[in-house]
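Colleague: Could you walk me through this model before I start on my own notes? I would like to begin with the sheet and then move on to the helices.

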Amino acid sequence: TQVVSPLILVDIDNVLFDYDESLRAWLVEAYPGVGLEIKHRSPVEWERIKNMYRASGDKQGGVPIEESIEALRQFRAEGWSIVLITYRPMKLFSGLEYDTLWWLAQQRVPYDRIVWAAYEKHIYVREDVAACDVFVDDDPITCQLMSALVSVRVYLVDTTGGLTLERVTTVRDLGEVYAYEQARGTAGTAALVGDASGGGIEIRD
């Protein structure tokens, strides 16, 4: 499948989908009295709860990060290709892929493809998404690994504003990413660059 440049690669959870707020709302109904602090108190229980949430189908009703989705629409309007990338384990939870695609459709999130990552995201970019210009994620380790790829501009979504990484730009949301890229003057310069499929990527057009 061919892609065009400029291309932005965007994580879903905590960039477009407000994971904490969505999980908190689900917990109120499914496990009254259990809060997000459980992830610090009991990592094992936290993983069990996350797996139950994944299997529940309630991700269809997840809370969108409206400012970021709107910014993604602006990227699209200016000629950017958009690839979403996620660690959501759709092979382990039969309904998770459907829930994800349904939510994206309901929120009118523009995208060309989805990468269902089974291993570190920077490996996909290095080997399989060579056309990537911009990468956006909420995980500091992933962003640090991605920053080693010279041609990729890396943005870390950090709403606390407390993280600083070398060769990584910290932002509050995709709106700030769009502003940075506008300042660079890269928007709206589409050019065909090649094929981004293969190498273990599972793609849904």
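**The sheet and its helices**

Modeller: In this predicted model, an open sheet is formed by 6 strands in the order β6-β5-β2-β7-β8-β9, and the pairing is parallel.

Colleague: Which strands stand at the edges?

Modeller: Those are β6 (113–116) and β9 (168–171), and each has a single partner strand, so one side of each is left without a neighbour in the sheet. From one strand to the next, the twist averages 20 degrees.

Colleague: Let's take β9, then: how many bridges join β8 to it?

Modeller: Strand β8 (residues 153–157) and β9 run parallel and are joined by 4 bridges; for valine 154, the bridge partner in β9 is valine 168.

Colleague: And over at β6, are Arg113 and Val115 buried or exposed?

Modeller: Arg113 and Val115, on one side of β6, are buried, and so are Ile114 and Trp116 on the other, which leaves both faces of the strand covered. As for its pairing, β5 and β6 run parallel with 4 bridges between them, and the residue in β6 that bridges to leucine 84 is isoleucine 114.

Colleague: How does the chain cross from β5 to β6?

Modeller: It goes through α5, in a β-α-β crossover that is right-handed. Helix α5 (residues 96–106) lies across β5 (81–86) and β6, and runs at about 150 degrees to β6.

Colleague: Changing topic to helix packing, at what angle do α1 and α3 pack?

Modeller: Helix α1 (residues 19–30) and helix α3 (residues 43–56) pack at about 85 degrees, and their axes are 11 Å apart. The two helices are therefore roughly perpendicular to each other, since angles of 65 to 115 degrees count as such.

Colleague: Which residues make that contact?

Modeller: On the α1 side they are Tyr19, Ser22, Leu23, Trp26 and Leu27, while α3 contributes Trp46, Ile49, Lys50, Met52, Tyr53 and Ser56.

Colleague: Last topic, the chain overall: how many helices and strands does it have?

Modeller: The secondary structure comes to 8 helices and 10 strands. The chain has 205 residues, of which buried residues make up 48%.

Colleague: And what about contacts between residues at least 6 apart in sequence, what percentage of those join residues at least 24 apart?

Modeller: Among those contacts in the chain, the figure is 68%.

Methods
Residues numbered from 1 in each chain as written. Predicted model: local features only at pLDDT ≥ 70, side-chain atom pairs only at ≥ 80, totals over all residues. Heavy atoms only, no water. Axes fitted to C-alpha atoms, helices over the stretch in contact; angles between N-to-C directions. Parallel < 35°, antiparallel > 145°, perpendicular 65-115°, else oblique. Contact = heavy atoms within 4.5 Å. Pairing = 2+ DSSP bridges. Buried < 20%, exposed > 50% of the residue type's maximum accessible area, 1.4 Å probe, protein only. Right-handed = clockwise from strand over helix to strand, strands pointing away.
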